[in-house]
Amino acid sequence: MGKLTRRARAKADYLGFVGAREWPLAASGLGVVLGAVTILPSAVGVVLSVVALALGVATFTRDVRLLRRRWAGFEFTTIAAPFPTAELPPPAAYPEAAYLAVPARGTALVSAAIDRHLWEERHTIDVAEEPYRLPPSLKATAPHVLPLRARGRLLFNGPIVGMRGDPLPAAGARPAPIRLHRARFFDAVCSNELAALRITRVDTGEEYDLRKAELTDTAGALRELSGSALADLVGVSTVAFTTDGKLVTVRQSPLNSVSGLLLAPSGSGSLEPRDLRTPEGGPRRFLHTAVRAGMERELCEESGLTPADVRVTKVVGFARWMERGAKPEFFGLTELAVDSAEVARRRPVSGERLYSAGLTLFDVDLRAVGAALTGGVPLSEALPPRLWEDGSLPLLLALRAAAAWQATRG
């Protein structure tokens, strides 16, 4: 019943999102139905009802034709080429910034200086009162993009949190609060996810490239999150280690919207509005406590662990995922209070079983990986081959950040 319920919810979210933008068509359809229902066995009633029905059918037919014409007005193709990092330098405000490209997985903008700054846990948050709204330039393609991205996947229009600030190092005084906003998952699908598509108007041949229109600032560099118009949903991922030193990973199913069939972090997903509040219901003040709450929630949902099984989680890294509209990603390292045998007996919560194909545990020496990376060894050689070959981009980035933090612990 759980799987059927989630499939029904995904379909309802999809129809609701599209229907909200095509309500005139729905209204016309309702007129047709009402016209048919109101036909009564009286002369006047029959005549009026038939006229109303005929008008409703004509209007509905016209709207269907207009809708089909609009929906056929765009051509979408997936961009298979690697992200053009040479054409989009990192923001000047990002210290020690570099692009990390993983073949067939994606490209991330990383900064060792930003990671080290996050270890200090100094950033506060400020949540906007108004929710995020798609800008007009993205609303036009929203009804077309959603069916394309939903094909073969289960997408839910759940609540998420977006980010309008950059966790940059600040000397001296505490840095300015990071601005967050509430949004819905489909907002991200119809904004950030356009970075992987080439959109062409059929009538004019004009191309819309989100990477140039939305990701590039006036200086020709990658736009900072503070100046973005996208939903920029906040990704949260953590790698958890058992008491006997095993890394917990999640094998993703084909239904995952991103990184299907790959190994994912122990907990991985998006920050949600509930993560912004304490268990007592009060607002969280610090970025690291909200991010950590999201990481541990995802960990428990996807692994079947409980909050009592978690000793501590440390936020260790940050990146921006370029193929997904340069969205922000945070990474953590979790120390568990249970061993690998206990973890192997756990199962994800019912709602996550459609996306998880089970858990896989690995022997990983984080200190050794960190030492190798410090010595200039590429990530592809520092990690065990299976993790590099089958790991999703969030898993690889989380291990990289966790190893760098662990290397400083002595």
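Let's start with helix α14, which covers residues 393-407. In this predicted model, α14 has 15 residues and reaches 21 Å from its first C-alpha to its last. That is close to the 21 Å you'd expect at 1.5 Å a residue. Of those 15 residues, 13 are buried, so α14 is largely enclosed by the rest of the structure.

Now look at helix α9, residues 287-303. With 17 residues, α9 reaches 24 Å from first C-alpha to last, close to the expected 24 Å. Here 15 of the 17 residues are buried, so α9 is also largely enclosed by the rest of the structure. Just after α9 comes glycine 304, whose phi is positive, at about 85 degrees.

Which residues other than glycine have a positive phi? Alanine 104 has one of about 65 degrees although it is not a glycine. You'll find alanine 104 in the loop between β2 (97-102) and β3 (106-111), and with a relative accessible area of 83% it is exposed. Glutamate 121, not a glycine either, has a positive phi of about 55 degrees. Glutamate 121 lies in the loop between α4 (112-118) and β4 (125-127), and at 26% relative accessibility it counts as partly exposed.

On to the strands. Strands of a sheet pair through backbone hydrogen bonds, either parallel or antiparallel. Strand β7 (residues 197-201) pairs with β8 over two bridges in the antiparallel sense. If you want to spot this pairing, threonine 200 stands opposite glutamate 207 in β8.

Next, the nonpolar cores. The largest one has 52 residues, and Met163, Leu215, Phe318 and Phe330 have the most contacts inside it. A second, separate core has 33 residues, including Val102, Ala108, Leu383 and Trp388.

Let's zoom in on methionine 163, which lies in strand β5 (residues 159-163). Is methionine 163 buried or exposed? It is buried, with a relative accessible area of 0%. Leaving aside neighbours within four places in sequence, methionine 163 is in contact with residues including Ile178, Leu180, Leu225, Val234, Phe318 and Phe330. Also, the C-alpha atoms of methionine 163 and leucine 230 are separated by 9.3 Å, although the two residues are 67 apart along the chain.

Two of those contacts, Phe318 and Phe330, bring us to the aromatic rings. A pair of aromatic rings is described by the distance of the centres and the angle of the planes. The model has one aromatic pair. The rings of phenylalanine 318 and phenylalanine 330 have centres 5.1 Å apart and planes at 55 degrees, so the pair is tilted rather than edge-to-face, which would need an angle over 60. Phenylalanine 318 belongs to strand β13 (residues 310-321) and phenylalanine 330 to strand β14 (residues 327-336), so the pair ties together parts that are twelve residues apart in sequence.

The charged end of arginine 211 sits over the ring of phenylalanine 83, 5.9 Å from its centre. Likewise, arginine 324 lies over the face of tryptophan 321, at 5.1 Å from the ring centre.

Definitions and conventions:
Residues numbered from 1 in each chain as written. Predicted model: local features only at pLDDT ≥ 70, side-chain atom pairs only at ≥ 80, totals over all residues. Heavy atoms only, no water. Phe/Tyr/Trp six-rings, centres within 6.5 Å; stacked < 30°, edge-to-face > 60°. Helix = DSSP H or I, 4+ residues; strand = E, 2+ residues; numbered from the N terminus. Lys NZ or Arg CZ within 6 Å of the ring centre and 35° of its normal. Expected span 1.5 Å × (residues − 1). Buried < 20%, exposed > 50% of the residue type's maximum accessible area, 1.4 Å probe, protein only. Pairing = 2+ DSSP bridges. Core = buried A, V, L, I, M, F, W, Y, C linked by side-chain atoms within 4.5 Å. Contact = heavy atoms within 4.5 Å.
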